[in-house]
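Here is a short briefing to read alongside the model on your screen. Have the sequence open too, and follow the topics one by one.

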Amino acid sequence: MPVFFYTLGCKSNQYETRQLEEKFSALGFAKTTDVKSASVIVVNTCSVTHIAERKARNLIRRFRAQNPHARLYICGCYANIAELDKIIPQAVLIKQEKKLQPELWGLPEPHSGRVRHSSAQRYRVREFLKIQEGCDNFCSYCIIPYARGTVSSAAPENILAEAQKLIQNNVREIVLTGINLGRYFYQNNYLPDILRLLLQTNIARIRLSSLEPDLITDDLLKIIAAEPRLAKHLHIPLQSGSDKILKLMHRKYTTAEYQKLIVRARRICGADFGLTTDIIVGFPGETQKTFQETSDFIQEIGFHDLHIFPYSPRPQTTAAKMSPTCSDAEQKQFCQRLEKLRQEMRRDALQKALTRPLTVLVENSRQQGFSSEYLPVKFRGKTAKGCVYQAAPLAVKDGIILADPAHGIADADLHRQII
């Protein structure tokens, strides 16, 4: 019986969809990429903005119109906070506690025949591994604590077993992810302890997804600096460069504290380590003055890239009760100004990378991949998918660094014991 999957949203959602694909396969279902031929449709939704919710509704309605007879299951954050089954006819909502337990969904019996299990071909060179769930920060704009629930973490032995499974299926880079990754804690084990555990395997590279600035320790930074298999890249959400707005957002740091963190990170990890961030534009309380403070602070820090989000009121949150202080036109203008700044900073980061060798993992047959700093690289010489190369950068074209493969790096050369 064919099942069609569609994923919206974050890295955790992408990880969870892969988990569902494997569990459906073990139950006897076969994955299809054709929604019209599916007997079961699974949509993993996002609720971080009203735009994400609207996209989910539109996609679900389109899938229902294309295949009105399939069993339709909706999971993810939007399914946890909305009564989508009343909006979408004959949809089955799967709440968070049952999301990764499809055996409890009331699925139809798959057709008899050979059970199709997951195979190595289903994995990419770079895959996500979620080790932490939930958030209790309750930032005033964010609905995720209501959708995802309380903080919990995976046991180290389970993380290691899953990592070894990925490695056995030719995964070369593991991206550790979570709803609030820096809050990982399990029986006296913290995030640096999990990194040390995973570095005992022969994984080629480990990358960290988003980390809150107040949770980044010197222990973590020193491991990143010391171990060549840890990506020299951090995504640290800023959200605003105005202390007034940060306070209204219920963020746990000031701009001065954020700046001190970046100075410390660059001192420990090196001035060239990759740094990206999130910015929310048009939050209640935003004015021309606070926006200019944010723009100036972004330039002062010098990011490699920005993810820009127009503020979107979320039900149940504190900020939803606040009055807006800038018009839709002003919010759009602010976004355009930040996008122009983002492009300038991105060009600068790519140009600066031409002055030094880059360590690149080739991710596809088109001889493309990402450097340790998470900069896109395309080789003009022959390379092999899944292999790591020391790249000699040549030029930047269409936002991608063009490079020659100076030499391949053997797995043995990547490994170094951390004391």
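**A first look**

Asn 188 counts as exposed, at 59% relative accessibility (exposed means over 50% relative accessible area, buried under 20%, and partly exposed in between, with a 1.4 Å probe and protein chains only). Please keep in mind that this is a predicted model, in which local features need pLDDT of at least 70 and side-chain atom pairs count only at pLDDT 80 or more, while totals for chains, interfaces and linings use all residues. Residues are numbered from 1 along each chain as its sequence is written, and side-chain values use heavy atoms, leaving out hydrogens and water.

**Positive phi values**

- Most residues other than glycine have a negative phi.
- Asn 188, in the loop between β9 and β10, has a positive phi near 70°. Helices (H or I, at least four residues) and strands (E, at least two) are DSSP runs, numbered from the N terminus.
- Gln 316 is not a glycine either, yet its phi is positive at about 80°. Look for Gln 316 in the loop between β14 (305-310) and α12 (328-353); it is partly exposed, with a relative accessible area of 48%.
- Asn 170, which follows α6, has a positive phi near 70°.

**Helix α6**

- The end C-alpha atoms of α6 (residues 156-168) are 18 Å apart, which agrees with the 18 Å that its 13 residues should span at 1.5 Å a residue (the expected span is 1.5 Å times one less than the number of residues).
- Its buried residues are Pro 156, Ile 159, Glu 162, Ala 163, Leu 166 and Ile 167. They lie on the same side of α6, because they cover an arc of only 140° around the axis (the arc is that of the directions from the helix axis to the C-beta atoms).
- Glu 157 and Gln 168 are exposed on the face turned away from the buried side of α6.
- The buried residues of α6 pack against several elements, among them α1 (11-26), β6 (126-133) and α7 (191-198); contact means heavy atoms within 4.5 Å.

**Helix α8 and its partner**

- Leu 220, Leu 221, Ile 223 and Ile 224 are buried in α8. These buried residues fall within an arc of 160° seen down the axis, so they line one face of the helix.
- They pack against α7, β11, β12 (233-235) and α10.
- The axes of α8 (residues 218-226) and α10 come within 8 Å and cross at roughly 35° (axes are lines fitted to C-alpha atoms, for helices over the stretch in contact, with angles from 0 to 180 degrees between N-to-C directions).

**Nonpolar cores**

- The largest nonpolar core has 54 residues, and those touching the most other members are Ile 131, Leu 176, Leu 208, Tyr 258, Ile 298 and Phe 303. Helix α10 (residues 255-269) gives the most to this core, with six residues. A nonpolar core is a set of buried Ala, Val, Leu, Ile, Met, Phe, Trp, Tyr and Cys residues joined through side-chain atoms within 4.5 Å.
- A second, separate core of 22 residues includes Phe 63, Leu 72, Ala 79 and Ala 82.

- Glu 212 sits in the loop between β11 (205-208) and α8 and counts as buried at 14% relative accessibility. Leaving aside neighbours within four places in sequence, Glu 212 is in contact with Asn 137, Asn 180, Pro 237 and Arg 251.
- Lys 382, in the loop between β17 (376-379) and β18 (388-397), is exposed with a relative accessible area of 79%. Not counting residues up to four places away in sequence, Lys 382 touches Gln 367 and Pro 405.
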